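Student: I would like to go through this structure by asking, for each label that is put on it, what value stands behind the label. Could we begin with how the length of a helix is checked?

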Amino acid sequence: MPPKTTKTAAPRLPPLQKLRVRRPNQAQANPCVGIMTSMLGCWASSGYSAQGCMALEQSLRACMDQAKPKDQKKNTINYHLMRLYPKIRGAKKIDK
């Protein structure tokens, strides 16, 4: 006697109005924040005109004077999701 086969339907996604990724273009953290925190801590502990904080001040100035990176390309994930969602969802029924 051959074994019984059971067919299971593929799981269906619930209907969605739109498919989006929230905030795909998140800004990178500023690399100078750590140096600035150290300098402010040094100033708070030893006064604003302390010579001991001069090295931190110079490194912060060097960090701030560095050229900023060029504008990054905008993430296009939401555009492609919007474009491909009708193909993923399938044909839409028209109510009369």
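Tutor: The expected span of a helix is 1.5 Å times one less than its number of residues. Please keep in mind throughout that this is a predicted model.

Student: How do you know that the length of helix H1 agrees with that expectation?

Tutor: Helix H1 covers residues 33-46, which makes 14 residues, and at 1.5 Å a residue these should span 20 Å. Just after H1 comes Gly47, which takes a positive phi of about 100°.

Student: What makes the pattern of the chain α-α-α?

Tutor: The chain has three helices and zero strands, and reading along the sequence therefore gives α-α-α. As for confidence, the mean pLDDT is highest in H2, at 90, and lowest in helix H3 (residues 77-89), at 76. The chain as a whole averages a pLDDT of 77, with 72% of the residues scoring at least 70.

Student: Why is the link of Cys32 and Cys63 called a disulfide?

Tutor: The cut-off is 2.5 Å between two cysteine sulfur atoms, and the sulfur atoms of Cys32 and Cys63 are 1.9 Å apart, so the pair qualifies as a disulfide. The angle about the S-S bond is -90°, and the link is left-handed.

Student: How do you know that Cys32 and Cys63 are buried?

Tutor: Buried means under 20% relative accessible area. Cys32 has 4% relative accessibility and therefore counts as buried, and Cys63, at 12%, also falls under the limit and counts as buried.

Student: Which residues does Cys63 touch, leaving out those up to four places away in sequence?

Tutor: Cys63 touches Pro31, Cys32 and Ile35. For Ile35, the separation in sequence is 28 residues, while the C-alpha atoms of Cys63 and Ile35 are 8.5 Å apart in space.

Student: What makes the pair of Cys42 and Cys53 a disulfide, and what is its handedness?

Tutor: The sulfur atoms of Cys42 and Cys53 are 1.9 Å apart, which is within the 2.5 Å limit, so this pair is a disulfide as well. The torsion about its S-S bond is about -90°, and the disulfide is therefore left-handed. This pair also links distant parts of the chain, since Cys42 belongs to helix H1 and Cys53 to the loop between H1 and H2, 11 residues apart. Both Cys42 and Cys53 are buried.

Student: How many disulfides does a search of the whole structure find, and what pattern do they follow?

Tutor: The search finds two disulfides, and with bonded cysteines counted along the chain they follow the pattern 1-4, 2-3.

Student: Which residues does Trp43 touch, again leaving out those up to four places away in sequence?

Tutor: Trp43, which has its place in helix H1, touches Tyr48, Cys53 and Glu57. Trp43 and Cys53 are 10 residues apart in sequence, and their C-alpha atoms are 6.9 Å apart.

Student: Why is the pairing of Arg61 with Glu57 called a salt bridge?

Tutor: The limit is 4 Å between a side-chain nitrogen of Lys or Arg and a carboxyl oxygen of Asp or Glu. The closest N and O atoms of Arg61 and Glu57 are 2.7 Å apart, so the pair is a salt bridge. A search of the whole structure finds one salt bridge.

Terms used
Residues numbered from 1 in each chain as written. Predicted model: local features only at pLDDT ≥ 70, side-chain atom pairs only at ≥ 80, totals over all residues. Heavy atoms only, no water. Helix = DSSP H or I, 4+ residues; strand = E, 2+ residues; numbered from the N terminus. Buried < 20%, exposed > 50% of the residue type's maximum accessible area, 1.4 Å probe, protein only. Contact = heavy atoms within 4.5 Å. pLDDT = per-residue confidence, 0-100.
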